[in-house]
Amino acid sequence: MPRCVAAVEIQPARRADVNRRSDAASSRPGGESARDLRPACGYASGIPGEAGHERNGLRTERLMSLGVAERDQRRARAADAVGEEITDWDRRAYLKIISTELSDDQIARIVEPQTLHPRQEAVLAVHWHPEFIPPDLIRRRLDAMFPNRSQELIIPTQHNILVDYDGYSGVEVDCFSRSFNRKVQLLVHFRTERVAQATVFRSMLERTFRYRARQLFEFIDTLVDDAYEDRLQKAADRAGADENLVRFVRVHAAKLYRLFLEFESKTPPVAIRNKILVHYFETLRSRFDPRMVNHAEMLLQAVKETVKHHFSNEFFYATEEVIEEVRGLGGSIVVPHPEQFWPILLAEYDVDGYEVWNPQSQEFTEFLIQVVGRQNKARKRGDNPILIFMGDDCHMGEKAKDPEFQDPEKVGREVGVQPAWDDLAIRKSLIVAGADRRTVIDDYKARLGA
Ligand SMILES: [Zn+2]
């Protein structure tokens, strides 16, 4: 199969290249830094194997030193070797999970929300993921949910893809904080016209997106390639998986990869992520014992954790570099669920706000509100205060799923619904901090510019 070979290795943190401004004030053509990026040649190649990481034994070490094209070829051979014939059923299942076309039922599930919020007048939503749902359907859903809203700030934040919605654009960017050695995420927001010419920033996002997508291939490697047997075995132990189950998971992961190769040109970028494996296994429920599929998904989860643990974050752009680029374009920045990488609270990055509540992070809301209050007190006069945000982290694609495949917690998330704003205990802290939806919307809109 044709694979394009990476000519140059990516160097982590190429500060000099990244720091070039792409805003209107600079006459330097932003495209220049494109030489730092990978050739646009598909997701299965283009980013080198990372070196210098914890390895399991000599065989894995040798494997990690291979180039991307070689690893792609090796993976294809390994998947073939696990092999079982690919049937028309498999092909239909694959095409269904990558399909972004919506049926009438799916459209109805999106535009007809189950719960309405007629009393909510201010709608603030700056952390949510449209995935493959078109904006006009999302707008219809929001119109139905908040019929009496009089004030709103709604900005989507797809992972590493800049998306516009009614004049604002946003993105959730993966980056790397070297000072405390963690991958972190930033929510980045702009007035759309400010990023129309942002060549460098867009290239940074594209490279980040493709690098992040590579985790899927490491996930598949771990499942299909014998060289990763140690890792797979450890994950199997943790998930309580016996030989039969491991075999079942390997066979179907190998099939998925072969299907991906067969339909690579039809596979949309948003589908190329770890989740595609779970989505594929979900389709197996109609053919195999659902209890076995459940157990298979537990094993996948354990393997995914191992893969994440070994995935190198050093190839992401440095957090400071992303912040500098965004500031140069006149954008604003919010740190989502900061307690998940708490040193960020001490890093004193140039950001506009912290998210103090998220469906995955509800434990530290009051503490985080106090942290923001303390940091604001310590700020110099004239400095913008840090704002308090809450993120619903709604993934719209979840609503399009058949109800039997929906994750109850995830499907319950809604754009603009963050109940903690109205929680009696939390309200006490919010009042002290002077934060409510209306003031945050006004302040943040002012920072984003008219
Ligand atoms: Zn998110």
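Residues are numbered from 1 along each chain as its sequence is written. Because the model is predicted, local features need pLDDT of at least 70 and side-chain atom pairs count only at pLDDT 80 or more, while totals for chains, interfaces and linings use all residues.

The protein chain has 17 helices and 10 strands; these are DSSP runs numbered from the N terminus, with helices (H or I) of at least four residues and strands (E) of at least two. Of its 450 residues, 40% count as buried. A residue is buried if 20 or more other C-beta atoms lie within 10 Å of its own, exposed if 12 or fewer, and partly exposed in between, with C-beta atoms placed from the backbone. Among contacts between residues at least 6 apart in sequence, 74% join residues at least 24 apart; a contact requires C-beta atoms, placed from the backbone, within 7 Å.

The largest nonpolar core has 104 residues, and those with the most contacts inside it include Leu-186, Ala-253 and Phe-389. Such a core is a set of buried Ala, Val, Leu, Ile, Met, Phe, Trp, Tyr and Cys residues joined through C-beta atoms within 7 Å. Helix H7 (residues 199–224) gives the largest share, 13 residues. Domain 1 (15–98 + 209–310) and domain 2 (117–198 + 329–448) both contribute residues, so the core lies between them; the domain bounds come from an automatic or database domain assignment. Not counting residues up to four places away in sequence, Ala-253 touches Ile-220, Leu-223, Val-224 and Leu-277.

Leu-277 is also one of the buried residues of helix H10 (residues 275–283), along with Ile-276, Tyr-280 and Phe-281. Seen down the axis of H10, these residues fall within an arc of 135°, so they line one face of the helix; the arc is that of the directions from the helix axis to the C-beta atoms. Their cover includes helices H4 (88–98), H7, H9 (243–262) and H11 (290–310).

Strand S5 (residues 168–177) is mostly covered, with 8 of its 10 residues buried. S5 runs antiparallel to strand S4 (residues 163–165), joined by 3 bridges, where pairing requires at least two DSSP bridges. S4 and S5 form a hairpin with 2 residues between them, and Asp-166 in the turn has a positive phi of about 50°. S5 also pairs in the antiparallel sense with strand S6 (residues 182–191), over 10 bridges. Ser-169 in S5 stands opposite Asp-164, and its bridge partner in S6 is Phe-190.

Definitions and conventions:
Contact = placed C-beta atoms within 7 Å.
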